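Keep the 3D view open and follow along.

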Amino acid sequence: MSDVSPATAKALVPPKSYDRNAVTAGIVHLSVGNFHRAHQAVYVDQCLALPGQDGWGILGVGLMDVESERQKARALQSQEGLYSLTIYPPEGAPTTSVIGSIVGYLHAPDDPEAVLRHMADPAVKIVTLTVTEGGYNTDETGRFKLEEPNVAHDLTSGTPKTSFGFITEALRRRRDGGVGPFTVMSCDNLRHNGHVMKTALLAFARAKDAALADWIEAHVAFPSSMVDRITPATTPADAARLNRDNDLDDKAPVFAEDFIQWVIEDTFCAGRPAWEKVGAQFTGDVDPYEQVKLRMLNASHSMLAFPGIMMGHRIVHLAMGDPNVSALLDGFLQIDAGPLLDAPPGMSTDQYGAMLLKRYRNPAIGDQLLRIAGDGASKLPVFVQDTAKALVKAGKDHRRIAFLLAAFTEYLKGVDENGQSFPVVEPNVTDADFALVKDADPAKGIGLSAFKGWGVEASPRFVADYARYRSQIQAEGAKKTLADLLKAAG
Ligand code: CS2
């Protein structure tokens with residue numbers, strides 16, 4: 001609870017750099033998380049201050065039918081989409097600004113028709129999404145899961161629940177009404193996220209209406225993009241602190257690190273904001289940027305989260321304060337992940353790795369390891385699989401990755417080495433997976449569906465190390481296991 005009473009705290013004042021009343025929504029964003037509000041919404045906010053950009057405001061849409069999303073909708077609606085963003089540099093004072101680019105907000109389960117009306121509006125030219133790695137509804141072979149209950153609902157209903165249902169129905173209305181298509185841009189941490197989006201959407205559309213799927217394939221653009229800014233969840237204690245420090249009464253404050261990056265493939269089909277004027281980078285090939293970011297930043301985040309949680313840590317910079325954790329990440333970045341990558345021109349993976357460790361050490365962020373861990377079963381295949389595959393194939397040192405997979409498997413039990421339990425949010429871990437986790441034979445866990453197709457199960461040395469690390473984590477804890485691993489690794 002904020003201890004700043006509304007009577008004394010200041011209300012949010014819209015940005016002065018543009019006339020917010022003149023701004024209309026040219027972008028619909030599906031699933032407005034903190035990351036979106038600290039990233040894309042900031043680029044848009046800065047763009048709106050430039051001439052000729054006032055058609056690029058954002059209409060935010062919440063998709064999930066859960067209380068926290070309803071609460072967010074109420075908070076943002078009561079503030080007309082305004083919220084404060086506080087940026088913490090590693091040293092020196094934070095800065096707070098009010099972001100005005102979200103000019104409307106709808107909670108889709110309350111009024112799906114209103115969402116569709118907006119998405120079909122000719123003024124909307126781009127639909128962006130941050131629906132998380134697991135939100136693309138594909139299995140480990142890349143197949144779109146038509147049987148997923150909400151997807152199955154959307155296939156037979158005109159009142160959608162899923163992003164696929166909303167986008168497809170809106171595009172149908174636009175095609176039938178002679179309104180052109182909009183661009184669909186994923187802003188999630190996935191390799192080739194544009195391609196993943198396109199494949200998923202076309203699989204859905206084809207199952208619903210083949211002719212519409214052909215139209216979408218011919219007319220809709222799906223640019224890929226690499227997105228980056230570390231944005232913690234705002235806990236009630238954070239909200240109280242931010243409001244107190246800023247003398248504000250904001251029901252939905254966000255905070256983040258000062259680093260920000262966005263690399264976008266320039267293939268929009270209905271125009272786009274002048275994001276290049278506010279720091280975004282446009283390129284013909286996002287892949288090298290995505291690979292470096294996913295396989296270094298997100299993968300090392302996982303390397304930090306699962307072992308860190310099992311050691312009893314909960315906060316990123318505090319875990320980084322343990323020299324062994326720091327050495328684990330450094331080894332992973334510099335020895336395992338970095339050398340396998342073709343970095344984009346002008347970029348060195350060594351420097352990038354060193355910068356990541358610096359970002360993680362920022363004490364003002366207090367990012368949550370449990371946030372990073374969430375839905376690990378969807379994240380690990382995206383972030384770690386390619387590195388694991390390449391190391392095993394080349395017969396290189398796989399121990400840090402075997403330790404990560406062992407720590408992830410033990411983490412699924414929800415208790416750390418101090419006996420503290422924590423919530424395990426793993427919607428994509430099946431009952432069969434949990435049975436493997438509980439099996440008395442520690443090697444069995446290598447069969448988890450999250451590890452399918454990695455090729456590690458075919459390496460007896462990898463499986464033996466994985467099983468050994470699991471047994472040692474169970475018997476002596478992750479700290480001791482890591483200390484021994486580092487000693488052995490020299
Ligand atoms: C994190 C990301 O959730 C995760 O696994 O690694 O949210 C990370 O903080 C962002 O991608 C940073 O850009």
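**Spaces inside, and what packs around them**

The largest cavity has a volume of about 60 Å³. On a 1 Å grid over the protein atoms alone, a cavity is a set of points where a 1.4 Å probe fits but cannot get out, and lining residues have an atom within 4 Å of a point. Points are joined across faces, edges and corners, and a volume is the space filled by probe spheres set on them. This is a predicted model, in which local features need pLDDT of at least 70 and side-chain atom pairs count only at pLDDT 80 or more, while totals for chains, interfaces and linings use all residues. Residues are numbered from 1 along each chain as its sequence is written, and side-chain values use heavy atoms, with hydrogens and water left out.

To find this cavity on your screen, select the residues that line it, among them I230, E257, H301, R359 and D367. Helices here are DSSP runs of H or I with at least four residues, strands are runs of E with at least two, and both are numbered from the N terminus. By class, the lining has four nonpolar, four polar and three charged residues. Ala, Val, Leu, Ile, Met, Phe, Trp, Tyr, Cys and Pro count as nonpolar, Asp, Glu, Lys and Arg as charged, and the others, Gly among them, as polar.

The second largest cavity has a volume of about 50 Å³. D188, N189, S225, E290 and K293 are among the residues around it, and β8 (225–228) and α10 each supply at least two. Its lining has four nonpolar, three polar and three charged residues.

Now for an open space. A pocket is an open set of points with protein on both sides within 12 Å along at least five of seven lines. The second largest pocket has a volume of about 160 Å³. It is lined by 15 residues, and those closest to its centre are G194, H195, F222, S224 and E265. Both α7 (193–208) and α10 (287–310) give two or more residues to this lining, with α7 giving the most, three residues.

Follow α7 to its neighbour α6. The axes of these two helices, lines fitted to C-alpha atoms over the stretch in contact with angles running from 0 to 180 degrees between N-to-C directions, come within 10 Å and cross at roughly 70°. That angle makes α6 roughly perpendicular to α7, a label that covers 65 to 115 degrees. On the α6 side, F164, G165, I167, T168 and L171 meet M197, A200, L201, F204 and A205 of α7. Contact means heavy atoms within 4.5 Å. The residues of this contact divide into eight nonpolar, two polar and no charged.

Helix α6 also leads us to α4 (residues 112–120), whose buried residues pack against α6 and the strands β1, β2, β5 and β6. Take L116, a residue of α4: because its relative accessibility is 1%, L116 counts as buried, the term for under 20% relative accessible area with a 1.4 Å probe and protein chains only. L116 touches G158, P160, F166, E169, A170 and R173, leaving aside residues up to four places away in sequence. L116 and R173 are 57 residues apart in sequence and 8.7 Å apart in space, C-alpha to C-alpha.

How values were computed. Angles under 35 degrees count as roughly parallel, over 145 as roughly antiparallel, 65 to 115 as roughly perpendicular and the rest as oblique. Buried means under 20% relative accessible area, exposed over 50%, partly exposed in between (1.4 Å probe, protein chains only).
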